[in-house]
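Thanks for coming. Please have the model open while I talk.

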Amino acid sequence: MPFSLILSRALSALVTLFGVMVVVFVLVRVAPGDPISMMIAPGATDADIAALRAHYGLDLPVWQQFWIWFGQVLHGNLGTSISMKQGVITIIGQRLPATLELAIFALAMAVVWGGFIALVSTAWRGAWVERLIDNFNGIMLAVPDFIWGLAFVLVLGVLAPVLPISGRSDPSIDAGLTTQFYILEGLLRGKFAFVWDVLKHMLLPACALAFPLAAVIGRVLKNTMMDVMVQDYITLARIKGLSSLRILLQEALRNAAVPALALTGVQFTFLIGGTVITERIFSYPGIGNLAIDAVINRDLPLIQGLVLTFGIIFITVNMLVDALTVWLNPRLRHA
Amino acid sequence: MTLIEARNISLDVPDMSHQALIGQRRKLRILKNVSLSLKKGETVGLVGESGSGKTSLGRCLLRLHEPSEGTLAFDGQDITHASPAQLKPLRRRMQMIFQDPQSSLNPRHTIGSILATALKLNELDAGETSIAAILGRVGLPASASRRYPHQLSGGQRQRVGSALAVALKPEFVVADEIVSGLDVSTQAQVLDLLKGLRDEMGLALAFISHDLSVVRSLCERVVIMKNGEIVEEGLTADVFANPKTGFTRTLIASIPLPEVRPGWLDQ
């Protein structure tokens, strides 16, 4: 990719982030609910309330508050959480790895499963296998992630308790890790029993997040595969003597993957949005669950910090998808 | 000696305009009782309007479609219902050149890797020098092997298509409307190339075209098709001299004549 393109993408990303900051800052202040009223003890005087307000800078005009916050953010400081009395960066830093590991695990499941059903139904197109997969896919697509989550809790957690349905790991195991990247660090340190336990905790929320995405990937990839399979170069590959499997993987998949990839990027951001409810359902200690707590407590600095974090994740994902699309398509690479 | 022989071939495809609630789609018969045979080194022109079934016949001859009725034999071996595994050893010997080289070359692969896959699969030498030699034979520079299809011109892409077909040293080639997308001078170059390759390698060639003037210059025999049936066939010279059916006469009458009065444009 030419340097000027990267530069313009980076600039537009910064402008987007600034817009996100403005919108969220104004919204949380316009929305009903007051952080001070959540924390005052009964019988506090008006003077106490005013003092608290001044302490958190909430007595200033909104635009002034924004510039103070904006300046802090530029210096890498997101302020202090009102409800948790800790630095917002510290709190998010502790919770973000849990969400990243969950989202990436769910994405990997969705890509593998979606790709698999697309390839199988392309290989057996016109046969009963294709119709079966299409119908099954329709169900996966129609049910949203939080319904899957509730269904898993009820069926696999309560009726037949085969998998854990809350938390991130068994609290009785102390793996002695220093970071919050349980899977990554656990693997690097060779604590496979612990990683296995973390994976078991992650499986149901990840499935709930992955099912709708897998269905979308499967459907789009299958459609683009079908378009590709009637191209002359596929016929040519048959004439050249390539086996059906190699035609699917080597000739068709790379051409069909590009539109599916762009869509996967967009859908992945939905998946990250879905972590908010799904983490709540499974009491999973990630930033999604944290966001709900922050909103309930009207914890303005924490809400702002979390929205900013989500914004950075979304923009990063989109930029990665753009880069991958160009890399996969020689016609764009040389443009 | 007969290389490829199709006897009373019919081909049914599912009718896409008809959606059945239960059971199979209605069938549409796009080839009706067609017989055609080619000897080694012989060139037959398949001529007809769009939708007359000439491409379907060409693809049937290569066993890309499985005939619904009739029999198909290649070099004495019945391949009417042969499995992919049975066809594999024959694949190298029967090749196709496509109408649209843009869509017949995978946009994600370089010319070199497209040629190399074909060669390797058929256990031929896929080294740089042999690829350069093949490209040179069709009039392309060796550097073309590093190019992607979209970086070549239409004529160059069509040369790559021919290069692919001849790299495998086939005995039978179906050329499907290979010059219809090219301008006249490039057409002539590609046709010359094809003639040269045919004479050099003793190819049996099924040349599909709606352009009768091209067929006349290239083919010894011609088959005229309409609505999935052969309406007339014979030596090219005979068919052009005394067309038997009205349809053939119309086709011949539609050949554009060269400029009759030199200099009319300047007047």
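This is a predicted model: local features need pLDDT of at least 70, side-chain atom pairs count only at pLDDT 80 or more; totals for chains, interfaces and linings use all residues.

Let me begin with a single residue. A:Ser283 is partly exposed, with 41% relative accessible area. That residue sits in the loop that runs between helix 11 and helix 12, residues 287–296, of chain A.

Look for B:Glu123 in the loop between helix 4, residues 111–121, and helix 5, residues 128–137, of chain B. Is B:Glu123 buried or exposed? B:Glu123 is exposed, at a relative accessible area of 74%.

Now to the contact between the chains. On the chain A side, 22 residues are in contact with 27 residues of chain B. The area buried between chain A and chain B is about 2300 Å², and carbon and sulfur atoms account for 55% of that. Which residues of chain A lose the most area to chain B? They are A:Asp232, A:Ile239 and A:Lys240, and together they make up 30% of what the chain A side buries.

A:Asp232 comes up again in the polar part. Its side chain meets that of B:Arg59 in a salt bridge, 3.2 Å from N to O. The rule finds one salt bridge across the interface of chain A and chain B. Polar contacts between chain A and chain B come to 13 residue pairs, with both partners at pLDDT 80 or more.

As for secondary structure, three helices of chain A each supply at least two residues to the side that touches chain B: helix 10 (232–240), helix 11 (244–281) and helix 14 (330–333). Helix 10 of chain A gives the most, with seven residues. By class, the side of chain A that touches chain B has seven nonpolar, seven polar and eight charged residues.

Next, the inside of chain B. Chain B is split into domain 1, which takes in 2–93 and 170–266, and domain 2, which covers 102–169. How far apart do the C-alpha centres of domain 1 and domain 2 of chain B lie? The distance is 24 Å. Contact between domain 1 and domain 2 of chain B involves 14 residues of domain 1 and 14 residues of domain 2. Between them, domain 1 and domain 2 of chain B bury about 1200 Å², with 64% of it from carbon and sulfur atoms. Of the area that domain 1 of chain B buries against domain 2, 41% comes from B:Arg92, B:Leu193 and B:Leu197, more than from any other three residues.

The side chains of B:Glu200 and B:Arg137 meet in a salt bridge, at 2.8 Å from N to O. Five residue pairs are in polar contact between domain 1 and domain 2 of chain B, both residues at pLDDT 80 or more. Helix 7 of chain B, residues 184–201, gives the most to the side of domain 1 that touches domain 2, with eight residues. That side of domain 1 of chain B divides into seven nonpolar, three polar and four charged residues.

That is where I will stop.

How values were computed:
Residues are numbered from 1 along each chain as its sequence is written. Chains are lettered from A and ligands numbered from 1 in the order in which they are written. Side-chain values use heavy atoms; hydrogens and water are left out. Domain bounds come from an automatic or database domain assignment. Contact means heavy atoms within 4.5 Å. Buried area is the accessible area (1.4 Å probe) that two parts lose on being put together, summed over both. A salt bridge is a side-chain nitrogen of Lys or Arg within 4 Å of a carboxyl oxygen of Asp or Glu. A polar contact is a pair of N or O atoms within 3.5 Å; within protein, one must be able to donate a hydrogen and the other to accept it, and residues adjacent in sequence count only if both atoms are side-chain atoms. Helices (H or I, at least four residues) and strands (E, at least two) are DSSP runs, numbered from the N terminus. Ala, Val, Leu, Ile, Met, Phe, Trp, Tyr, Cys and Pro count as nonpolar, Asp, Glu, Lys and Arg as charged, and the others, Gly among them, as polar. Buried means under 20% relative accessible area, exposed over 50%, partly exposed in between (1.4 Å probe, protein chains only).
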